[in-house]
Amino acid sequence: MIIDFSRAVSLLHDNDNFIILTHANPDGDTLGAGFALLCALRKLGKKARLVNNDPIPEKYRFLVSEGDDFEDGFVLSVDVADAVLLGNDVQSRYGAEVSLAIDHHSTNRLFAKESYVEGESASVCEVVYLLIKALGVEIDSSIATRLYTGCSTDTGCFRYTNVTPRTHRIAAELIEHGARHGEVNVRMFETKKPGFLKLQGLCISSLEMYFAGRVCVITITQKMLRDCGCGEEDCDAIVALSRQIEGVRAGITFKEKKDGTYKVSVRTHESLDAAQFCSAFGGGGHARAAGCQFDCMLDEAKRRVIHEMEKYF
């Protein structure tokens, strides 16, 4: 059931013992929102802990805050559009128990008992910032830094077309609250592992162009990651690479997961809706950035994706 802002605030205000779920393969937005909300709820005298299916990547460890120990509680999710995105272990434990979903994906599948979704928000951290303010919590530097991280990472350091005037206003307010914006941006966008340049070179070598150069496909395998000493978190910059090529309208990245299946990330320009495209394969996301998953072999996954692209080109 879709709810409004005031109802979401009431649920946060009236409940205790919060179990906060983030999506698998966590990024800066889901972790920034989750840990910021955890800190805010604890400031209100409530107990909270964050649960994630996967290890938190090293680059995001500065966002982590210790939670409380309790058995059962009010389960909520942040930045999760579908229960399957929680990851197998977390979904099996909590997937059917989510009482509140806070999200910014217009493709949210309303898996929670109640859902507050702002599809026009550039990041879920924008939404969580407004909720925390409405709760009357004093936003300190640590909360502001966590929220700024999500705003920055989900907008490509405020470069993507999902950025709105409100995004900039909220970012400015977070800086006024003490967000360590310079440190965050250096860590997120200017610091790379030595092996990343090797990985980037391998990915460029894997480039495949379709439809007269308007569609670019990149492949990242587990072997490539191992050989370069990189992890899933190092793929974010690679995903954005294909769309930067002149003439490309859609960049598609096939990332092999540890179980041999493939996650597909789609980045587009305004002539193509990435979320609509990915919905053909049960995925979703945003107009310019979306994703889906395939359980088949790579060649078959590519064949299906390119066949679907024929409808657009």
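Select Leu174 and show what surrounds it: leaving out residues up to four places away in sequence, Leu174 touches Tyr129, Ala144, Leu147, Tyr148, Cys151 and Ala179. Contact here means heavy atoms within 4.5 Å. Before you go on, bear in mind that this is a predicted model, where local features need pLDDT of at least 70 and side-chain atom pairs count only at pLDDT 80 or more, while totals for chains, interfaces and linings use all residues. Residues are numbered from 1 along each chain as its sequence is written, and side-chain values use heavy atoms, with hydrogens and water left out.

Now widen the selection. Leu174 belongs to the largest nonpolar core, which has 51 residues; Ile20, Leu37, Leu76, Ile102, Ile132, Leu147 and Leu174 touch the most other members. A nonpolar core is a set of buried Ala, Val, Leu, Ile, Met, Phe, Trp, Tyr and Cys residues joined through side-chain atoms within 4.5 Å, and buried means under 20% relative accessible area (1.4 Å probe, protein chains only). Helix H2 (residues 28-43) supplies the largest share of this core, nine residues. Helices are DSSP runs of H or I with at least four residues, strands are runs of E with at least two, and both are numbered from the N terminus.

Next, pick H4 (residues 124-134) and H5 (residues 141-153). Their axes are 8 Å apart and the packing angle is about 150 degrees, so the two helices are roughly antiparallel. (Axes are lines fitted to C-alpha atoms over the stretch in contact, with angles from 0 to 180 degrees between N-to-C directions; over 145 counts as roughly antiparallel.) On the H4 side, show Cys125, Glu126, Val128, Tyr129 and Ile132; on the H5 side, Ile143, Arg146, Leu147, Gly150 and Cys151.

Jump to strand S1 (residues 18-21). Which of its faces are covered? Both: Phe18 and Ile20 on one side, and Ile19 and Leu21 on the other, are all buried. S1 pairs with S2 (residues 48-51) in the parallel sense over four bridges; strands pair if DSSP finds at least two bridges between them. Ile20 has Leu50 as its bridge partner in S2.

Last stop: the open six-stranded sheet, in the order S6-S7-S8-S9-S11-S10, with mixed pairing. S6 (208-210) and S10 (284-285) are at the edges with a single partner strand each, so one side of each has no neighbour in the sheet. S8 (residues 250-256) and S9 (residues 262-268) pair antiparallel over seven bridges, and Ile252 stands opposite Val266 in S9. Finish with helix H12 (residues 298-309), which lies across S6, S7, S8, S9 and S11 and runs at about 160 degrees to S8.

Definitions and conventions: Angles under 35 degrees count as roughly parallel, over 145 as roughly antiparallel, 65 to 115 as roughly perpendicular and the rest as oblique. Buried means under 20% relative accessible area, exposed over 50%, partly exposed in between (1.4 Å probe, protein chains only).
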